[in-house]
Amino acid sequence: MIDGHFVVDAHVHTPRLPTLKPAWLQWAHDFAGAYPWRSVYSASGEVVPSAMDELMESEGVDRVLLFCEYSPRATGIQPIEDNLPLVAFNPERFRLVANVNPYVHHPAAAEVARQLDLGAVALKIHPVHGAFSPADKELYPVYQLCLERGVPVILHSGTSSFPGSRTSFGNPELLSDVVEDFPALQFVFAHGGRGWWYDVAAFLALARENVWLDLAGLPPKKLPEYYQRFDLTRLAGKFVFGTDWPGVPSVAANVRTLAGLGLPEDVLSGVLSGNAIKLMPSLA
């Protein structure tokens with residue numbers, strides 16, 4: 001816990017370093033600064049579960065959603081299996097998130113089912129790094145499967161700096177039909193429309209009960225500026241806390257900055273963990 005708040009970091013990357021393209025390592029270096037994320041890695045680039053668990057404990061993070069990614073164009077292949085040792089070490093703190101790329105997996109729904117069977121509590125789709133539309137009908141069986149399994153779909157929304165990315169696929173407006181076609185399926189727009197789509201993402205979150213915004217990669221002190229056209233307290237009712245670890249100077253510092261925005265206590269608690277638990281009850 002951090003200052004009495006139960007905290008879920010709903011957006012964390014812990015890949016094996018040899019699986020990554022150089023741009024990923026540069027990104028982590030640039031955005032983490034002096035943050036000691038490298039301390040959880042062995043000399044060969046493997047995450048040391050005990051070290052990662054200790055770091056999250058020291059930061060006060062109670063639950064951690066571990067992302068994998070199959071994006072050979074942009075960042076590399078980061079298999080879900082590489083995160084299994086973390087979950088085995090501390091299944092209470094660490095949880096898996098699945099990932100699918102229709103250019104890599106066919107049929108995509110079969111691969112999602114396989115990863116969910118490993119224990120994933122959500123699915124992440126990265127259309128920007130994969131260069132595909134999240135509204136492609138080929139993904140509809142994936143969305144139907146997630147609906148049947150009761151797991152939310154997290155989608156990258158907004159820009160990305162990685163070579164090989166296709167930013168146009170980060171437009172949250174692409175999901176406007178999908179969220180209507182699957183009204184009972186919960187969608188989380190990762191990065192909240194980062195770049196020039198904050199308004200689109202925020203409007204959809206307020207207009208649709210099944211749309212949420214995760215805060216990964218967004219400096220909390222900037223949220224009033226990014227969403228200046230909206231009532232921040234009302235919009236925060238749809239926020240899910242995440243950091244994009246390791247690209248963050250401190251998880252605890254982000255939590256405390258959020259707490260300093262003056263949100264009502266019940267809204268803040270929802271942002272830090274309550275909304276994630278609504279989406280993924282097993283996190284409670």
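Which residues of strand 9 sit on one side, which on the other, and are they buried or exposed? Let me start there. Val-211 and Leu-213 are on one side of strand 9, Trp-212 and Asp-214 are on the other, and all of them are buried. Buried here is under 20% relative accessible area, exposed is over 50%, and partly exposed is in between, with a 1.4 Å probe and protein chains only. As a reminder, side chains in a regular strand alternate between the two faces of the sheet.

Quick housekeeping. This is a predicted model, where local features need pLDDT of at least 70, side-chain atom pairs count only at pLDDT 80 or more, and totals for chains, interfaces and linings use all residues. Residues are numbered from 1 along each chain as its sequence is written, and side-chain values use heavy atoms, with hydrogens and water left out.

Helices (H or I, at least four residues) and strands (E, at least two) are DSSP runs numbered from the N terminus, and two strands pair if DSSP finds at least two bridges between them.

Now walk across with me. Strand 6 (residues 123-125) pairs with strand 7 in the parallel sense over 3 bridges, and there Lys-124 stands opposite Ile-154 of strand 7. Strand 7 (residues 153-158) is mostly covered, with 6 of its 6 residues buried. To get from strand 8 to strand 9, the chain goes through helix 8 (residues 198-207), in a right-handed β-α-β crossover. Right-handed means that, with the strands pointing away from the viewer, the path from the first strand over the helix to the second runs clockwise. Strand 7, helix 7 (residues 176-181) and strand 8 make a right-handed β-α-β unit as well. Finally, strand 9 pairs with strand 10 in the parallel sense over 2 bridges, and Leu-213 stands opposite Phe-239 there.

On to the pocket. The largest pocket has a volume of about 560 Å³ and 34 lining residues, with Phe-31, Arg-194, Gly-217, Asp-244 and Gly-247 nearest its centre. For the record, on a 1 Å grid over the protein atoms alone, a pocket is an open set of points where a 1.4 Å probe fits, with protein on both sides within 12 Å along at least five of seven lines, and lining residues have an atom within 4 Å of a point. Strand 1 (8-13), helix 1 (22-32), strand 8 and helix 11 (251-259) each supply at least two lining residues.

Why does Gly-150 count as exposed? Because its relative accessibility is 54%. Gly-150 and Leu-279 are 129 residues apart in sequence, yet 8.8 Å apart in space, C-alpha to C-alpha.

How values were computed:
Grid points are joined across faces, edges and corners, and a volume is the space filled by probe spheres set on the points.
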